[in-house]
Amino acid sequence: MTADEGVYAWSAVLMGSPILLKLFDNNATLAAQVFRVIRHQENILTVNRAHSEVMAINHAAGKAAVSVSRDVFDLIQCAHQVSLLPDSLFNFTIGPLVKRWKIGFQGHSVPPPQELAQLIALTDPHQVELDPARLSVFLRQPGMEIDLGAIAKGYIADVVRGFLRHQKVERALINLGGNVQTLGAPPESAGWAVGLKKPFSQRDELIGVMEVVGKSVVTSGIYERYFELDGRCYHHILDARSGYPLDNELLSVTVIADRSLDGDIYTTLLYGLGVERSLLALRDLPHIEAIFVTRDDEIICSSSRQFSFRLLDDRYRLITDSTA
Ligand code: ADP
Ligand code: MG
């Protein structure tokens with residue numbers, strides 16, 4: 001715990017990520033409760049251990065439907081719908097590919113094309129049956145695996161915000177390794193300052209800073225988890241259509257939205273669409289705003305109604321979609 005101008009901060013490593021909680025009250029009991037809430041949710045949703053509600057579904061693939069808790073069912077139903085959108089990069093049945101590549105884990109390697117083709121066949125979201133009456137999930141093919149890694153942190157960040165609201169907390173920030181969710185703003189400030197990281201920088205350098213009040217900021221970047229082989233960079237956002245990491249002009253996508261779950265969904269969707277198609281799509285989604293960092297050092301904002309952005313590094317060019 002550290003204190004700075006009335007801010008009290010607690011940190012821990014959970015879900016393989018550094019977690020940071022900021023409060024304006026030196027309430028260690030509340031902080032401990034928040035970390036318990038996070039651990040509890042992780043235990044339910046993880047696919048990195050043998051047992052969880054999601055793993056129970058995966059273990060029964062090709063055999064039986066498995067009933068889960070209402071919250072997990074709702075989250076899976078949401079992931080299912082997003083996975084079925086036309087042109088969606090988001091695919092919650094990406095598990096077999098994630099497990100094989102092991103990007104960000106020990107033992108990563110580039111699978112041969114033949115093997116990728118076999119795994120791609122196991123990542124069809126149409127092969128998932130949901131029964132809302134029984135709250136059950138059935139993966140039709142043996143070997144299929146649900147992976148909620150792209151949205152679990154956002155979902156949990158929203159659960160934490162709900163918990164803090166329930167505890168009558170008015171100002172707080174939770175950072176789940178790239179998923180920031182906020183309540184209110186620090187006293188006498190314009191908002192919470194959230195840094196936009198410089199991709200692949202060694203010392204956590206920032207391109208700029210956003211300021212938000214009671215909003216979530218989610219960044220998904222190809223520099224977060226990757227390995228290099230023969231001069232190529234293999235990162236952790238996979239394209240189930242090719243079996244390989246998605247390769248386009250983007251280094252990172254940041255989404256500012258009310259819900260961190262939406263931030264998580266849209267970072268993946270927009271990353272898959274690329275800048276031009278994303279900007280078009282975002283014109284019809286006023287509650288979702290995005291900042292794109294491209295390989296040629298452009299910072300492109302779709303609009304900025306819910307946040308302000310200050311550029312700190314003039315090597316980058318800041319562009320705002322003028323038609324938004
Ligand atoms: P981070 O954990 O770095 O915040 P993201 O939120 O960008 O990462 O999610 C990446 C994780 O999502 C991967 O580690 C994997 O578990 C899962 N994933 C990878 N590709 C996809 C995809 N196309 N659709 C859905 N989930 C994916
Ligand atoms: Mg995500």
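Contact here means heavy atoms within 4.5 Å, and helices (H or I, at least four residues) are DSSP runs numbered from the N terminus. A few notes on what I found with that in hand.

1. Ground rules. This is a predicted model, where local features need pLDDT of at least 70, side-chain atom pairs count only at pLDDT 80 or more, and totals for chains, interfaces and linings use all residues. Residues are numbered from 1 along each chain as its sequence is written, chains are lettered from A and ligands numbered from 1 in the order in which they are written, and side-chain values use heavy atoms, with hydrogens and water left out.

2. H3 on H7. On the H3 side (residues 70-83), Leu75, Cys78 and Val82 meet Leu261, Ile265 and Leu269 of H7. By class that gives six nonpolar, no polar and no charged residues (Ala, Val, Leu, Ile, Met, Phe, Trp, Tyr, Cys and Pro count as nonpolar, Asp, Glu, Lys and Arg as charged, and the others, Gly among them, as polar). The two axes come within 12 Å and cross at roughly 25 degrees; axes are lines fitted to C-alpha atoms over the stretch in contact, with angles from 0 to 180 degrees between N-to-C directions. H3 and H7 are therefore roughly parallel (under 35 degrees; over 145 counts as roughly antiparallel).

3. H6 on H7. Helix H6 (residues 152-166) packs against H7 (residues 260-282) at about 165 degrees, axes 7 Å apart, which means H6 is roughly antiparallel to H7. Ala152, Lys153, Gly154, Tyr155, Ala157 and Asp158 of H6 make the contact with Ser260, Leu261 and Asp264 of H7. The class count is four nonpolar, two polar and three charged residues.

4. H1 on H6. H1 (residues 28-45) packs with H6 at about 145 degrees, their axes 10 Å apart. Among the H1 residues involved are Leu30, Val34 and Ile38, and the H6 side includes Ala152, Tyr155 and Phe163. This contact has 12 nonpolar, two polar and one charged residues.

5. Ligand 1. Its surroundings comprise 16 residues, the closest being Asn91, Ser220, Glu224, Arg225 and Leu238 (near means a heavy atom within 4 Å). For polar contacts (pairs of N or O atoms within 3.5 Å), Leu238 puts a backbone N or O atom 2.7 Å from a ligand nitrogen. Arg225 has a polar side-chain atom 2.8 Å from a ligand oxygen, and a side-chain N or O atom of Asp147 is 2.9 Å from an oxygen atom of the ligand.

Note on methods: Helix = DSSP H or I, 4+ residues; strand = E, 2+ residues; numbered from the N terminus. Parallel < 35°, antiparallel > 145°, perpendicular 65-115°, else oblique. Polar contact = N/O pair within 3.5 Å; in protein donor to acceptor, adjacent residues only side chain to side chain.
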